[in-house]
Amino acid sequence: MLYNDIIITGRRAIAKSYAKINLSLDVLGKLENGYHEVEMVMQSLTLFDLIIVDRQKYDIQIKTNCSFLPNDNRNIAFKAAEVFFEKTGIKGGAKILIHKNIPVSAGLAGGSGNAAAVLCALNLLYNAKLTDNELLSIGLELGADVPYCIMGGTKLAKGIGEVITEIAPLKKVPVLLVKPYEGISTGEIYKAIDSEKNILHPDTRAVIEAIEAGNIEKLCASMGNIMEPVTSARVPDISHIKDKMLSFGAMGSIMSGSGPTVFGIFPDVESAKHAHDYFIRKYQQVYLTSTLS
C-alpha cells in the first residue's frame with residue numbers, strides 16, 4: 001500500500017507518488033458503459049512526485065511546480081480531495097502541494113498516482129478509517145489507473161483496471177524512460193483500436209510467467225502493448241527511440257500506457273546510463289530509474 005511511503009507529522013502528510021510502466025497492455029473490448037476491458041501488467045518505478053498535504057478547517061487548495069497544470073477540480077488530485085470529503089462526510093479542508101518529477105500526459109500514471117497519494121494521505125490525516133476496498137472503490141471513480149496506484153508494486157490489472165492481482169515482485173532492474181515531444185490523446189487511441197480489425201494482442205500470461213520465474217530476458221522478449229502500433233503511427237519518434245534503446249543494449253523496449261513515453265529495460269546501470277547520455281542530448285524528458293520492488 002501507498003501508506004508505506006507516507007510520513008505523518010502533526011497536521012501534515014508527506015507522500016511519494018510513483019510512476020508506473022505497463023510491461024503488458026491489452027484491450028479486450030469495449031463495454032456497454034463506454035469503458036474498455038483491459039488486461040495489464042503494471043510495475044512501479046522509483047521515479048516519483050512529492051506530495052505534501054496539510055489539514056485545514058475548510059476549502060481545498062492546490063499548487064504545483066508546473067504552471068500549465070490546473071489548480072482546481074480539473075486536477076485529479078484536487079478532485080480526489082473533493083471526493084474524499086464527500087464520501088466520508090468529514091468537514092474539513094486540504095492544502096496540497098505537488099512537486100512534479102514524472103512527466104505529464106506521458107502514459108506513466110503521474111496524475112493517477114497523485115490522486116492515490118492524496119486519498120491515502122487524507123485517510124490518515126483525518127483518521128477516516130476507510131478500508132483498502134473503500135479506497136480502491138473511491139479511486140476507481142477518479143480513474144482506471146488510480147486503484148493500481150493506491151496499491152503499487154507488480155500487479156495484474158483486469159476489468160477496467162479495478163480487478164488487481166498480486167504478482168511476484170520484480171527485482172530492481174534499470175529502466176530508462178524517454179518521452180517524445182509530441183503529445184497524444186488517450187481517447188483518440190482507444191477509438192482507433194476499436195476500429196482496428198487486425199490487431200496483435202500481447203501475451204500477458206508469458207509476461208507473468210517470466211516475472212514469477214525471475215527471468216528478465218524472457219520478460220523483455222514477451223512484453224507488448226496493443227496501443228503501441230496505433231500511437232506510433234501518429235508519433236514516429238516512438239519507433240526511433242525503441243530502435244536506439246535496443247542499439248544501446250536494452251534487453252527490451254516498448255511504449256508505456258497510451259504513450260508516448262518509451263521505456264527500455266537494461267541489463268545494468270552502466271549501459272542504461274550510456275543510453276541516457278545519448279537521449280538527453282535529443283530530448284528534454286529522459287529519466288534513468290529502476291523498478292520498485
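Guide: Start with a term. A helix crossing is right-handed if the near helix is turned clockwise from the far one by less than a right angle, and left-handed if it is turned anticlockwise. Keep in mind that this is a predicted model.

Take helix H1 first. Two packed helices are described by the angle between their axes and the distance between those axes. H1 has two such pairings to look at, one with H2 and one with H3.

H2 spans residues 110-125. The H1 and H2 axes come within 8 Å. They cross at roughly 35 degrees. This crossing is right-handed. On the H1 side, the contact uses Ile-76, Ala-77, Ala-80, Ala-81, Phe-84 and Phe-85. On the H2 side, the partners are Gly-111, Ser-112, Asn-114, Ala-115, Val-118, Leu-119, Leu-122 and Asn-123. By class, that gives 10 nonpolar residues, four polar and no charged ones.

Now H3. H1 covers residues 76-88 and H3 covers residues 132-142. Their axes come within 10 Å and cross at roughly 135 degrees. What does that angle make of the pair? The crossing of H1 and H3 is right-handed. H1 contributes Ile-76, Lys-79, Ala-80, Val-83 and Lys-87 to this contact. H3 contributes Ile-138, Glu-141 and Leu-142. Sorted by class, the H1 contact with H3 has five nonpolar residues, no polar ones and three charged ones.

Next, the strands. Strand S8 runs over residues 174-179. Is it buried or exposed? Six of its six residues are buried, so S8 is largely enclosed by the rest of the structure. In a regular strand the side chains alternate between the two faces of the sheet. In S8, Pro-174, Leu-176 and Val-178 point one way. Val-175, Leu-177 and Lys-179 point the other way. Lys-179 is buried along with the others.

S8 has strand partners. Six bridges join S8 to S12, residues 285-290, and the two run antiparallel. In that pairing Leu-177 stands opposite Tyr-287. Four bridges join S8 to S11, residues 262-265, and this pair is antiparallel too. Here Leu-176 faces Gly-264, and Val-175 stands opposite Ile-265.

Now put the sheet together. Four strands form an open sheet in the order S10-S11-S8-S12, with antiparallel pairing. S10, residues 252-255, and S12 stand at the edges. Each has a single partner strand, so one side of each is left without a neighbour in the sheet. On average, neighbouring strands are turned by 20 degrees against each other, direction ignored. Helix H10, residues 269-279, packs on this sheet and touches S8 and S12. The direction of H10 makes about 15 degrees with that of S8.

One last stop: Met-40. This residue lies in strand S3, residues 36-56. Met-40 is buried, with a relative accessible area of 7%. Leaving out residues up to four places away in sequence, Met-40 touches Asn-22, Ser-24, Leu-25, Asp-145, Lys-155, Leu-156 and Ala-157. Met-40 and Glu-228 are 188 residues apart in sequence. In space they are 14 Å apart, C-alpha to C-alpha.

Terms used
Residues numbered from 1 in each chain as written. Predicted model: local features only at pLDDT ≥ 70, side-chain atom pairs only at ≥ 80, totals over all residues. Heavy atoms only, no water. Axes fitted to C-alpha atoms, helices over the stretch in contact; angles between N-to-C directions. Contact = heavy atoms within 4.5 Å. Nonpolar A, V, L, I, M, F, W, Y, C, P; charged D, E, K, R; others polar. Buried < 20%, exposed > 50% of the residue type's maximum accessible area, 1.4 Å probe, protein only. Pairing = 2+ DSSP bridges.
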